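Trainee: I am new to this structure and would be grateful for a guided introduction. May we look at it together?
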Amino acid sequence: AFHQTPDVLKPRYVRVNTLKLDVESAILQLGKHAKVQKDGLVPDLLMLPPNTDLHDHPLIMNGSVFMQVRPLVVNFMVFLKENLGCSCSSLSLWIMMLFVCIRMHMYAFQGKASSMVAAALGPEPDWEVLDACSAPGNKTVHLAALMGGNGKIIACELNEQRLTRLRQTINLSGASNIEVLHGDFLKLNPRDLPYSKIRAILLDPSCSGSGTTANRLDHLLPSYDANTQDAERLNKLASFQKKALAHALSFPAVERVVYSTCSIHQIENEDVVASILPLATSLGFQLAAPFPKWNRRGLPVFSGSEYLLRTDPVEDKEGFFIALFIRKDPEIKEES
Ligand code: SAM
């Protein structure tokens, strides 16, 4: 079970959207409300004191700064949907708490882990980039900022309802280099013209979300056991994740692929990478270490797992996993 330090004692992280505001101006403006520090690891990420309330700050409202938050109300909806089988007393308790959250505008604040994913991909400004599973678009707009609004990003999303949220995030960010694609990433033909020049792919597929259950408060439930999450569900997710990763590596001009999850389960993380590694190697890819100075690496279950990056759901607020594949010699080279 998680023994989590309450959110009120942890720093708050915000990412400056450099498409709209530079980091120094953001520090000046936010500094009027609280002590602001640069994160030092993730570019454009700022750290504020625990409990800083910025949710209706003008810089947040106009998309100059993105706050890493999940409204608890949404988390409760997910929770109730997934736990309708739980006992009546705990269900009524949770409904009561839902109303408390709505009244108090409570948010679960995320750590910096989710901001590490796009930075780990490190796209060049003029590249064509594919965000394979993109909604609600937090990482898509981070990529756009890292590319200085240049190049081109294709944001692919299967779920029609989630497209609306994706478009809202893109509009708020002010990015004009993102093309939204409603479709199944697995069905994109890598050899088709629009995809044949893709140089980098961010693959953040559907996962169990077990690394953020601390935010979703599931761990407080008497019935919660992190080790016995539905095995069938995890197997299905892992099977999709493997297919998606193999597909990402098959794009002919791709040089960098990031595979990430917000799961703590080895089956969705190290096992996915280990099973795809022979294919990756045969296509000329190698694992590389994102954020080499970060101490928490992959579980030592195969040779090469030291290149993987994990964050801890308690210490770092979210249990994220990042694998970075790099290929120096793609099949199709850039035309000069
Ligand atoms: N990267 C996103 C962000 O940071 O905002 C979060 C992505 S979320 C973990 C995974 C997304 O993948 C969901 O929106 C889901 O609907 C979408 N998805 C699932 N299967 C897909 C598929 N086959 N093709 C495209 N998108 C898919």
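Predicted model: local features only at pLDDT ≥ 70, side-chain atom pairs only at ≥ 80, totals over all residues.

Trainee: How many residues of strand E11 are buried?
Mentor: Strands are DSSP runs of E with at least two residues, and helices are runs of H or I with at least four, both numbered from the N terminus. A residue is buried if 20 or more other C-beta atoms, placed from the backbone, lie within 10 Å of its own. Arg 256, Val 258 and Ser 260 point one way from E11, Val 257, Tyr 259 and Thr 261 the other way, and all are buried. For E11, residues 256–261, the count is therefore 6 of 6.

Trainee: Which strand runs antiparallel to E11?
Mentor: Two strands pair if DSSP finds at least two bridges between them. E10 (residues 198–203) pairs with E11 in the parallel sense over 4 bridges, and Leu 202 stands opposite Val 258. On the other pairing, Tyr 259 has Ala 323 as its bridge partner. The antiparallel strand, joined to E11 by 6 bridges, is E14.

Trainee: Is Cys 262 buried or exposed?
Mentor: An unreviewed UniProt entry places the feature "active site" at Cys 262; such annotations may be inferred rather than shown by experiment. Cys 262 lies in the loop between E11 and helix H10 (270–282). Because Cys 262 has 24 C-beta neighbours inside 10 Å, the class is buried.

Technical notes. Residues numbered from 1 in each chain as written. Buried ≥ 20, exposed ≤ 12 C-beta atoms within 10 Å, placed from the backbone.
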